[in-house]
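Let's take a friendly walk through one protein model together.

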Amino acid sequence: MDRLTLRWFARDLDMRGNLVANALADSLTDAETRGRKLQAIFDRAVQDERLVAIGWCSPSGQVLRRTARFPKDLECSHAKEVAADRVATMNIEGGSVHVSFHPIVGEAGAAGDLVLMHDLSFIERRSQDTRKYLIILIATLGGAIALVTVIVAQLSWRGWVSGAHALLRGEGLLKPMLPPSPELAPLAADLRERLRDLEDEYRRMPRSDEGWSAERLQSLLRTQLRGDEVIVVSNREPYIHEKQQDGSLVVRRPASGLVTAVEPVMRACSGTWIAHGSGSGDRAAVDRHDHVPLPPGEDEYQLRRLWLTEEQEQGYYYGFANEGLWPLCHVAHVRPVFREQDWEHYRNVNQLFADAVVAEARSEDPVVLVQDYHFALLPAMVRRKLPRATILTFWHIPWPNPESFGICPWRREILEGMLGSTILGFHTRYHCKNFIETVDRYLEARIEHEHSTITYGGEDTLVESYPISIEWPSPEEAREWPSPGQCRTELFERLNIPAGHRVAVGVDRFDYTKGILERLNAVERLLEKHPEWRDRFTFVQVAAPSRGALEEYRAFRERIERATARINERFGRPDAPVVRLLAQHHDHDQVMRLYRAADVCMVTSLHDGMNLVCKEFVAARDDERGVLVLSRFAGAAREMPEALVVNPYHVEETADALHQALTMPPAEQRERMASLRSTVHEYNVYRWAGRMLADAARLRLRQRVSDRVQRHSVA
Ligand SMILES: O=P(O)(O)OC[C@H]1O[C@@H](O)[C@H](O)[C@@H](O)[C@@H]1O
């Protein structure tokens with residue numbers, strides 16, 4: 001036992017000793033008691049478990065009485081000395097004791113001194129017990145504190161970790177059960193900023209754009225879009241059912257660049273395609289929900305057909321879309337016509353299609369791919385009903401400069417409608433730039449040129465270029481093709497082309513933007529300038545009838561027919577006309593055979609978003625022969641500089657290019673064609689869709705993160 005503890009107890013025992021001494025004082029001063037009963041009183045007193053021994057000293061210092069355990073050899077003077085010490089302890093038989101010395105004074109003066117010895121072993125025991133309890137208490141407290149610390153640390157660490165995980169996954173800051181933690185707010189802000197940086201880095205990064213295929217697109221859909229639902233909206237349907245005279249149905253693919261590009265993507269994505277059912281047999285082919293599985297016999301996706309009245313089709317499709325927006329965007333010197341009634345129909349039909357998107361959607365956030373100028377208002381209409389949808393609008397035709405677009409009476413509504421899109425795609429950067437400048441001119445929007453983003457009405461739209469393309473033929477498909485020689489023989493037989501003629505081809509819809517007239521003028525000029533080609537050259541123009549209900553198109557067709565007649569009269573023979581105008585629909589296989597048979601393919605659009613004919617021609621020429629003459633005003637010219645690029649308005653230049661093409665040595669043809677083929681192979685339609693969908697996936701992730709961040713900061 002340490003001295004400090006001993007001193008505490010010594011003080012207590014001194015007090016106790018004083019009490020005992022006071023209690024005994026009377027007995028000690030009373031002479032009678034002292035005589036007879038003192039020993040008995042002392043013996044009784046030491047029955048107390050603490051008081052061990054008592055000694056009674058005379059005033060002269062002799063021990064007069066003592067109890068049994070009082071040491072026989074202890075003198076009073078020594079006991080007094082011990083008691084004077086601060087701890088006052090000594091060892092006697094049976095253990096250590098505390099000694100106290102109490103002078104007793106009676107009426108007659110000093111009666112003697114009382115020596116009391118108190119047991120110290122209980123102090124030892126108590127002290128040990130106390131120490132034990134203290135240790136247990138401290139250990140328990142320490143354990144409890146450690147446990148609480150661990151639990152708190154675990155909880156907050158888990159909270160942090162799961163919050164950070166959720167942020168990174170874009171799902172939420174915390175598990176729903178846990179209350180939102182304000183400590184994560186700065187982390188969330190940092191993460192958001194970092195995400196934005198990463199996005200920018202990602203966009204600037206040289207990406208591996210190689211090897212895009214249907215499989216890679218499917219895997220992108222599975223991984224980055226987690227199998228989300230895809231809905232396509234277009235005016236033109238991918239397959240048209242026509243009723244034959246005998247009542248049977250035939251299916252055909254329409255002549256449309258849009259369908260050529262989007263159909264293979266849809267086959268890869270599955271999902272639903274919503275389009276206008278325009279064929280005479282379309283109603284007979286659908287189920288009771290107006291659905292039809294496609295492609296026929298393969299059932300890879302489903303088409304939902306929408307029905308329009310004649311007035312609706314007239315106002316929305318022929319009127320506003322094709323007499324208004326088409327010439328407005330193509331700037332091909334045909335005046336756009338804007339009628340109030342057409343606009344009404346356009347708006348109503350956009351709403352009809354938007355409602356169909358909402359009805360077909362199985363989730364609140366589908367990926368909606370809106371195609372083309374027929375649906376400028378639809379993105380905002382869908383956004384109103386499905387605010388969480390990812391809407392990708394692709395504008396397949398050019399976008400003019402702000403001045404040209406400004407003549408549209410409903411320019412504001414159109415821009416607002418398009419800005420309902422999450423992503424707005426054009427074929428080229430140039431069209432993106434025109435669109436952004438148009439918005440800047442006519443709307444109060446925030447434009448971030450660095451990120452190519454427009455913020456309008458609190459919503460962001462990414463404006464990006466995605467050059468469209470074709471599906472590159474598979475080796476199996478190419479193996480089935482007849483050889484170029486066989487294709488050539490068949491063509492010569494079918495059209496009765498004299499042997500030894502060189503053949504140039506053009507394949508278009510009958511449309512004034514395609515530069516068919518300029519092409520014919522170039523053919524005529526070639527024959528004027530180079531008489532050696534007379535009787536040695538045939539030009540085959542496939543012109544699929546298109547929008548024949550419009551006067552502009554009918555007049556255009558007549559102009560082409562007149563030009564054809566004129567050239568044939570000047571340079572052809574009755575049995576061998578120079579220009580063969582095939583004004584009917586040709587299917588994919590027929591067109592491919594024509595490409596393989598030709599020496600030259602002419603694409604002379606006056607203005608074209610992209611143009612896929614030039615890409616199809618290149619894809620068909622696995623013999624690496626044939627020359628492409630390509631208009632500089634087609635979006636494709638930017639990707640295909642190995643073609644003979646011409647200004648179709650410049651007849652002389654185009655005629656010279658045609659001559660150059662007809663006289664190009666085989667080695668040069670091969671060199672140019674090989675390079676063109678590798679470009680188109682690489683930049684195929686899966687890359688077009690893949691880049692768009694990868695951007696959509698990135699923005700969906702950002703949307704999820706920012707939704708959570710917002711929810712978090714509100715809470
Ligand atoms: O009017 P149609 O026959 O459906 O053709 C429209 C399509 O024609 C194509 O030439 C255009 O590239 C597409 O953008 C457009 O959608």
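Is His-374 buried or exposed? His-374 is buried, with a relative accessible area of 7%; buried means under 20% relative accessible area, exposed over 50% and partly exposed in between, using a 1.4 Å probe and protein chains only.

## Ground rules

This is a predicted model, in which local features need pLDDT of at least 70 and side-chain atom pairs count only at pLDDT 80 or more, while totals for chains, interfaces and linings use all residues. Residues are numbered from 1 along each chain as its sequence is written, and side-chain values use heavy atoms, with hydrogens and water left out.

Helices (H or I, at least four residues) and strands (E, at least two) are DSSP runs, numbered from the N terminus.

His-374 sits in the loop between E12 and helix H12 (378-385). Leaving aside residues up to four places away in sequence, His-374 touches Asn-235, Tyr-316, Tyr-317, Ala-321, Tyr-346 and Asn-350; contact means heavy atoms within 4.5 Å.

Glu-263 belongs to helix H8 (residues 257-269) and, at 0% relative accessibility, counts as buried. With residues up to four places away in sequence not counted, the residues touched by Glu-263 are Pro-238, Tyr-239, Arg-253, Trp-273, Pro-295 and Tyr-301. For a distance check, Glu-263 and Asn-322 are 59 residues apart in sequence and 22 Å apart in space, C-alpha to C-alpha.

## Backbone details

Pro-295, one of the residues that Glu-263 touches, is joined to Leu-294 by a cis peptide bond with omega about -15°. Pro-295 lies in the loop between strand E10 (291-294) and strand E11 (301-306).

Asp-535 has a phi near 70°, a positive value in a residue other than glycine. The loop that holds Asp-535 runs between helix H18 (516-529) and strand E19 (537-544), and Asp-535 is partly exposed, with a relative accessible area of 45%. Arg-547 also has a positive phi, near 50°, and lies in the loop between E19 and helix H19 (551-571). Arg-547 is buried, with a relative accessible area of 9%.

## Strand pairs

Strand E7 (residues 240-243) and strand E8 (residues 249-252) pair in the antiparallel sense over 4 bridges; two strands pair if DSSP finds at least two bridges between them. His-241 has Val-251 in E8 as its bridge partner. The hairpin of E7 and E8 has 5 residues between the strands, and Gly-247 there takes a positive phi near 90°.

Strand E12 (residues 367-371) and E13 pair in the parallel sense over 5 bridges, with Val-367 partnered by Thr-390 in E13. Why is strand E13 (residues 390-394) described as largely enclosed by the rest of the structure? The reason is that 5 of the 5 residues of E13 are buried. Thr-390, Leu-392 and Phe-394 point one way from E13, while Ile-391 and Thr-393 point the other way. In a regular strand the side chains alternate between the two faces of the sheet.

## The six-stranded sheet

An open sheet is formed by 6 strands in the order E20-E19-E18-E21-E22-E23, with parallel pairing. Its edge strands are strand E20 (579-582) and strand E23 (644-646), each of which pairs on one side only.

Within this sheet, strand E21 (residues 600-603) and strand E22 (residues 627-631) run parallel and are joined by 4 bridges. Cys-601 stands opposite Leu-628 in E22.

## Helix packing

Helix H17 (residues 484-495) and helix H20 (residues 588-597) pack at an angle of about 105°, with their axes 8 Å apart. Axes are lines fitted to C-alpha atoms, for helices over the stretch in contact, and angles run from 0 to 180 degrees between N-to-C directions. H17 and H20 are therefore roughly perpendicular to each other, a label for angles of 65 to 115 degrees. The contact involves Pro-484, Cys-487, Arg-488, Glu-490 and Leu-491 of H17 and Arg-593, Leu-594, Arg-596 and Ala-597 of H20.

## Nonpolar cores

The largest nonpolar core has 92 residues, and those with the most contacts inside it are Ile-414, Phe-435 and Phe-537. Such a core is a set of buried Ala, Val, Leu, Ile, Met, Phe, Trp, Tyr and Cys residues joined through side-chain atoms within 4.5 Å. Helix H10 (residues 310-330) gives the largest share of this core, 9 residues. Apart from it lies another core, of 82 residues, among them Phe-394, Met-640, Val-685 and Ala-694.

Methods:
Parallel < 35°, antiparallel > 145°, perpendicular 65-115°, else oblique.
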